[in-house]
Amino acid sequence: MPHLLLTNISKTYPDGTAAARDINLSVEKGELVVLVGPSGCGKSTTLRIIAGLEEQSTGDVWIAGRQVNRVEPKDRNIAMVFQNYALYPHMTVRKNMAFALKMRGVGREEIERRVAEAARILDLASVMDKRPAELSGGQRQRVAVGRAIVRDPAVFLFDEPLSNLDAKLRVSTRAEIKSLHRRLGATTVYVTHDQEEAMTLADRLVVMASGKIQQVGASLDVYRKPENRFVAAFIGTPSMGFLDGRVERHGSGAAFVEDGALGARIILPDSLSGLREGPAVLGVRPQALIPVADEDALGPSITLVPDLVEPLGDQTDVHGMTGAGRRLVARVPAAAAPASLGVACRYRIEPEGMHLFELGEFGKRVTVSGH
């Protein structure tokens, strides 16, 4: 049995708001699973249900083989790290980390041993006698993590733990969390709205929207084979661009024809050549757009008129318009950025960065057998 198991979990509030809908998820022992999605997608509600801080309307929660539906949070053997740290301001770091163990009646020597070990792992030995107000944001977050570690719980729960940190500190702290998980091998469920953070940390991603799980899988699998248009748009930086149109037969293959009088006609790669005709949405990853001379534009390609350039060091994001007035972004090497705006440029489209979807925000990815 999985170490953590959610079966048919739903949460509907008295006013009829459905915060979670039919959540089914299994987490193996030692796995780090990240729930990711926009605000209001149900990820924090799901985490709070696991913790026992929120009661589900339907479904069951199992932790380490035990059903915990009616078990109080303090008795579920979980440890939670919050966005706002939730440290006691009048206590030193040492006392903050020891407090939960003291309340549970753990012996003094064992408390000292666990706190010292957590301080060593998190590099907090030099601040153990300071109070939270004397610490940096990153140190306070490590204290909150340390307070969870000393409890040696069955499951670690992280609720947007890096949201209050600046960009540089978020990057370094998430690396610390990843390294810590690798050393401890602790079963962890981590919630974030930041898809880059999610992809970096996760053994498996759980992408959520509108209270439902949209896709579960390894980061690269979700990125390369999004199950629907929402996942494709949410996972990846910059976001995937989309063109409305239809699939038409093209000799022995197929082409995508963008809607509009001046819509692009894009020859589809062999992997999509067996698709049936009909309305569709073409998704294109910015990294799949390669600037080329017209005579080199063999296979799938498109013309864009750049109207905005964003330098990013060794890369540049080029925002451009199709003939039908739809926007795509190309992420290209800095040296390949257009010399001027408003001049049409041709881009080859790498097949692995092209995806076709059914219509609608959650339209499913259209595939041909074997792809």
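Proline 238 sits in the loop between helix H8 (229-234) and strand E11 (241-250), where helices (H or I, at least four residues) and strands (E, at least two) are DSSP runs numbered from the N terminus. A cis peptide bond, with omega about -10°, links threonine 237 to proline 238. This is a predicted model, in which local features need pLDDT of at least 70 and side-chain atom pairs count only at pLDDT 80 or more, while totals for chains, interfaces and linings use all residues. Residues are numbered from 1 along each chain as its sequence is written, and side-chain values use heavy atoms, with hydrogens and water left out.

Two other backbone spots deserve a look. Aspartate 22, in strand E2 (residues 18-27), has a positive phi near 50° although this residue is not a glycine. Glutamate 160 belongs to the loop between strand E7 (155-159) and helix H5 (167-184), and its phi is also positive, at about 45°.

Now turn to the helices. Two packed helices are described by the angle between their axes and the distance between the axes. Helix H2 (residues 93-103) packs against helix H3 (residues 108-121) at about 135°, with the axes 10 Å apart; axes are lines fitted to C-alpha atoms, for helices over the stretch in contact, and angles run from 0 to 180 degrees between N-to-C directions. That makes H2 oblique to H3 (under 35 degrees counts as roughly parallel, over 145 as roughly antiparallel, 65 to 115 as roughly perpendicular and the rest as oblique). In this contact (heavy atoms within 4.5 Å), H2 contributes Arg94, Met97, Ala98, Leu101 and Lys102, while H3 brings Ile111, Arg114, Val115, Ala118 and Ala119.

For a second pair, follow helix H4 (residues 137-149) and H5, whose axes come within 11 Å and cross at roughly 20°. H4 and H5 are therefore roughly parallel to each other. Their contact is made by Gly137, Gly138, Arg142, Val145 and Ile149 of H4 together with Leu169, Glu176, Leu180 and Leu184 of H5.

Finally, the rings. Phe156, Phe158 and Tyr190 form one aromatic cluster, with rings paired if their centres lie within 6.5 Å. Two arginines also lie over rings: arginine 229 over the face of phenylalanine 242, at 4.5 Å from the ring centre, and arginine 285 over tyrosine 223, with its charged end 4.2 Å from the ring centre. A charge sits over a ring if NZ of Lys or CZ of Arg is within 6 Å of the ring centre and within 35 degrees of the ring normal.

Notes
Phe/Tyr/Trp six-rings, centres within 6.5 Å; stacked < 30°, edge-to-face > 60°.
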